[in-house]
Amino acid sequence: MSTKTSDRLSTTHDPQGLTPMRTARPRHYLMCRPTYFDVVYSINPWMDPRKPVDTPLAIAQWERLREVYLELGHTVELIDPVPGLPDMVFAANGATVVDGRALVARFRDAERVDEAPAYRDWLRAHGFTELRTAELVNEGEGDYLLVGDHLLAGTGFRSDPRSHSEAQEFFSRPVISLTLVDPDYYHLDTALTVLDEDTIAYYPPAFSPGSLAVLERLFPDAVVATDDDAAVFGLNATSDGRNVVLPHNATGLAEQLRGRGFNPIGVDLSELLKAGGSVKCCTLELRSGDQETHNS
């Protein structure tokens, strides 16, 4: 589907003017099957190597997520998993891709460093010639979320705040820095999700006072998640502008989204949550240069 400005459909309302009528646009995603998924180290509060992991269940849950995307009409490409990289399933961390340009991640933790070359090689082999690996710690779409013409950029636990300037220079788009303060929400995509070009949902306690004030100023009509919905990673979600794929037990958030005219679709990724990841973590959006802004 073309996404040129002339074809972009703005949000409309139902005949009574009560509920916005949202428009879905097909997305282009990259995912990695959790063939080697396990929790054998701890680099965030969710990871406990003492707890058993059911890898076949993780694969089945991931397959269901992929099926949902295909049923919605999205394109899903796959990168081959690499033995010894159990977190490679979290494809969102591999890079940030905007306007056909790919800024490949530079991971903070030694356990994940080797994921970056795998994602770089895949992107290069699939036509993303304008790419480079970040010079500073930058964990891809875990901490970089595109909304409209801007990139919201997280820091505090993973991505180096200096990487925000690097991303701004590379993408030639304004970057808005946001500081995370709760280690349970260690990446931006665990505490905030982009619903469309103007709308976000987020969890206020995850942000520093200054960053929270910025979000309130920029997005006064944002959906605000409750403690319960944030705790089940309800904000680690993807949206095509209408359909929002999110953890199935984020029921309060789903109800809020429904009231705003979105169509929430719940999935169970409880096994992957043992490593601190869910829907968005598994999903890297590939935004090609001939497309206008797409948000996930």
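Contact here means heavy atoms within 4.5 Å. Leaving aside neighbours within four places in sequence, Ile200 is in contact with Val147, Leu192, Thr193, Val194, Leu195, Leu215, Phe219, Ala222 and Val223.

This is a predicted model: local features need pLDDT of at least 70, side-chain atom pairs count only at pLDDT 80 or more, and totals for chains, interfaces and linings use all residues. Residues are numbered from 1 along each chain as its sequence is written, and side-chain values use heavy atoms, with hydrogens and water left out.

Some terms come first. Helices (H or I, at least four residues) and strands (E, at least two) are DSSP runs, numbered from the N terminus. Buried means under 20% relative accessible area, exposed over 50%, and partly exposed in between (1.4 Å probe, protein chains only).

## The nonpolar cores

A nonpolar core is a set of buried Ala, Val, Leu, Ile, Met, Phe, Trp, Tyr and Cys residues joined through side-chain atoms within 4.5 Å. The largest has 33 residues. Leu192, Ile200 and Phe207 have the most contacts inside it. Two or more residues each come from S8, S10, S11, strand S12 (200-202), helix H4 (209-218), S15 and H6. S12 gives the largest share, 3 residues. Apart from this core lies another, of 24 residues, among them Ala58, Trp62, Ala275 and Val279. In soluble globular proteins, nonpolar side chains tend to be buried together.

## The S8-S9-S10 sheet

Strands S8, S9 and S10 form an open sheet in that order, with mixed pairing. S8 and S10 are the edge strands, each pairing on one side only. The twist averages 25° from one strand to the next. Axes are lines fitted to C-alpha atoms, for helices over the stretch in contact, and angles run from 0 to 180 degrees between N-to-C directions. Two strands pair if DSSP finds at least two bridges between them.

| Strand pair | Sense | Bridges |
|---|---|---|
| S8 and S9 | antiparallel | 4 bridges |
| S9 and S10 | parallel | 5 bridges |
| S14 and S15 | antiparallel | 2 bridges |

Tyr144 has Ala153 in S9 as its bridge partner. Val147 has His150, also in S9. Leu152 stands opposite Ile176 in S10. S8 and S9 form a hairpin with 2 residues between them. Gly148 in the turn has a positive phi of about 60°. Of the 6 residues of S9, 5 are buried, so S9 is largely enclosed by the rest of the structure.

## Helix H3

The buried residues of helix H3 (residues 163-171) are Ser163, His164, Glu166, Ala167, Phe170 and Phe171. Seen down the axis of H3, they fall within an arc of 160°, so they line one face of the helix. The arc is that of the directions from the helix axis to the C-beta atoms. These residues pack against several strands, including strand S8 (144-147), strand S9 (150-155) and strand S10 (175-179). Just after H3, Ser172 takes a positive phi of about 55°.

## Helix H4

H4 buries Ser211, Leu212 and Leu215. They cover an arc of only 100° around the axis, which puts them on the same side of H4. On the other side, Pro209 and Arg217 are exposed. The cover over the buried residues includes S10, S11 and S12. Ser211 has a relative accessible area of 6%. Not counting residues up to four places away in sequence, Ser211 touches Ser177, Leu178 and Thr179.

## Thr190

Where does Thr190 lie? Thr190 sits in the loop between S10 and strand S11 (192-194). Thr190 is buried, with a relative accessible area of 0%. The Thr190 side chain reaches the backbone oxygen of His187 at 2.7 Å. A polar contact is a pair of N or O atoms within 3.5 Å; within protein, one must be able to donate a hydrogen and the other to accept it, and residues adjacent in sequence count only if both atoms are side-chain atoms. Not counting residues up to four places away in sequence, Thr190 touches Asp184, Tyr185, Phe233, Leu235 and Asn236.

## The S14-S15-S16 sheet

Another open sheet has 3 strands in the order S14-S15-S16, with mixed pairing. The edge strands are strand S14 (238-239) and strand S16 (263-267). Helix H6 (residues 251-259) packs on this sheet, touching S15 and S16. The direction of H6 makes about 170° with that of S15. Thr238 has Val245 in S15 as its bridge partner.
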